[in-house]
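Hi,

Here is the structure I said I would pass on.

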Amino acid sequence: MIVTLDPDAPESAADAIVALAGRFPGVTPRPYAFRGATQSLVEVHLVGETQAVPVEPFEGLPWVRSVVRVSRRYRVIGRHAAAGAPGGSSSSLAFEHHGVRFDESSVHLIAGLCAVDTRENVAATMRALRDVGITTTRMGAYKPRTSPYDFQGLGKDCLPWVLELAGEHGIRLITMEVTDPRHIDEIEAALDAAGHPAGVMLQIGTRNAQNFELLRHVGQRTAFPVLFKRGMGITLEESLHACEYIASEGNGRIVFCLRGVKTHLGEPHRNLVDFGHVPVVRRLTRLPVCVDPSHSVGRADVAPDGLPEIFHVVGQGIIAGATAVLVDFHPSPRSARVDAAQALPLDQLPRLAEYVKRVRAAYESVVALAGG
Ligand code: PEP
Ligand code: MN
């Protein structure tokens, strides 16, 4: 059962729900706070033996906006009430981190290095982002590689100068993959030492999509939002259950990222593009949806119309309602130490930024056909 409070309800309103829930044996109340720039929303989830718990006493408490019984599936991330109903647990789990708001109203282009290699390349990439007014980037410090002999990323050593350069270039948010809780400690220490010039969003890579201990841990590190990549060899449903591990621990600030699935049927692409699942994820969950065309397509080939194939796949995601796009760039793609084949050169960045704007406008125009 989910009890949703009115926006900006006082803390005592949640306390009253927790106290009432305490009268029902076998029921554990778990409050979740979703804080935005202008509003904060609190939900209290009642878990356990809730079948016999009546909704009316909860509905009668002050500041309660709605009380919804939910199925066990996707309890926190799920879109439970009738689609389109105002508020309640049908509304999106929008959130803000370091001034970057993830919701359904705009698209963020998160462009940057798959793997941090040199200070010069990080600086050149951030300069290119600043020149087009982008404040969101990806910078991989910890790289999970198929072979132990391949470059594993610079790890914590690069964090001080990556954060320093982010501050210099007005970058507000960096997505960074972590594969171990120690990485999060290192990121936290580096952020503290640098005075938090930017925020970090923890990326859970496709290879860890079902690393349940890591997911639970990230779920407890509520200071960091999470970009969760779907598992490349599991069903969408399994990926959503995995994502729920993060949310059920108390961290609801999650962006769900589609990145293609592994099958030879996708060739010549690296993975089979799965962006037809964007509206499915939006229907089943309340999470903002990201697409990663770089790891789906895996190559920077240019189509006969002059646009990289990666652009066309970005378009598939945005026209289906995705509100974030994660793209690999590199100042000299051929020298990139990880995923060189898919990195776009920086001179494509202004074009991609404009492309994203135009396809988003097309999405807004076609969605108006629904009359909503
Ligand atoms: C990445 O984004 O750098 C990455 C390794 O992606 P994925 O986990 O989707 O393969
Ligand atoms: Mn990569």
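Let me start in a loop: proline 268 sits between β12 (254-258) and α8 (278-284), where helices (H or I, at least four residues) and strands (E, at least two) are DSSP runs numbered from the N terminus. A cis peptide bond links glutamate 267 to proline 268, with omega about 10°. Another loop, between β1 (2-5) and α1 (11-21), holds aspartate 8. Phi of aspartate 8 is positive, near 60°, and the residue is not a glycine. For background, most residues other than glycine have a negative phi, and most peptide bonds are trans.

Before I go on, this is a predicted model: local features need pLDDT of at least 70, side-chain atom pairs count only at pLDDT 80 or more, and totals for chains, interfaces and linings use all residues. Residues are numbered from 1 along each chain as written, chains are lettered from A and ligands numbered from 1 in written order, and side-chain values use heavy atoms, leaving out hydrogens and water.

Now the domains. There are two, domain 1 (2-82) and domain 2 (96-369), with bounds from an automatic or database domain assignment. Their C-alpha centres are 32 Å apart. Domain 1 puts 14 residues into the contact and domain 2 puts in 19, counting heavy atoms within 4.5 Å. Together they bury about 1,500 Å², 50% of it on carbon and sulfur atoms; that is the accessible area (1.4 Å probe) that two parts lose on being put together, summed over both. On the domain 1 side, Tyr74, Ile77 and Arg79 lose the most area, together 51% of what that side buries.

The rule finds 3 salt bridges across this interface, each a side-chain nitrogen of Lys or Arg within 4 Å of a carboxyl oxygen of Asp or Glu. Arginine 79 and glutamate 104 also meet through their side chains in a salt bridge (3.4 Å, N to O).

Finally, the metal. Which residues hold the manganese ion (ligand 2) as protein donors? They are Cys114 (SG), His295 (NE2) and Asp339 (OD), at 2.0 to 2.4 Å; donors are N, O and S atoms within 2.8 Å of the metal (3.2 Å for Na, K and Ca), and water is not among the atoms, so sites may look incomplete. Cysteine 114 is in the loop between β7 (108-112) and α3 (119-131) and aspartate 339 in the one between β14 (324-330) and β15 (344-345), so the pair ties together parts 225 residues apart in sequence.

Cheers
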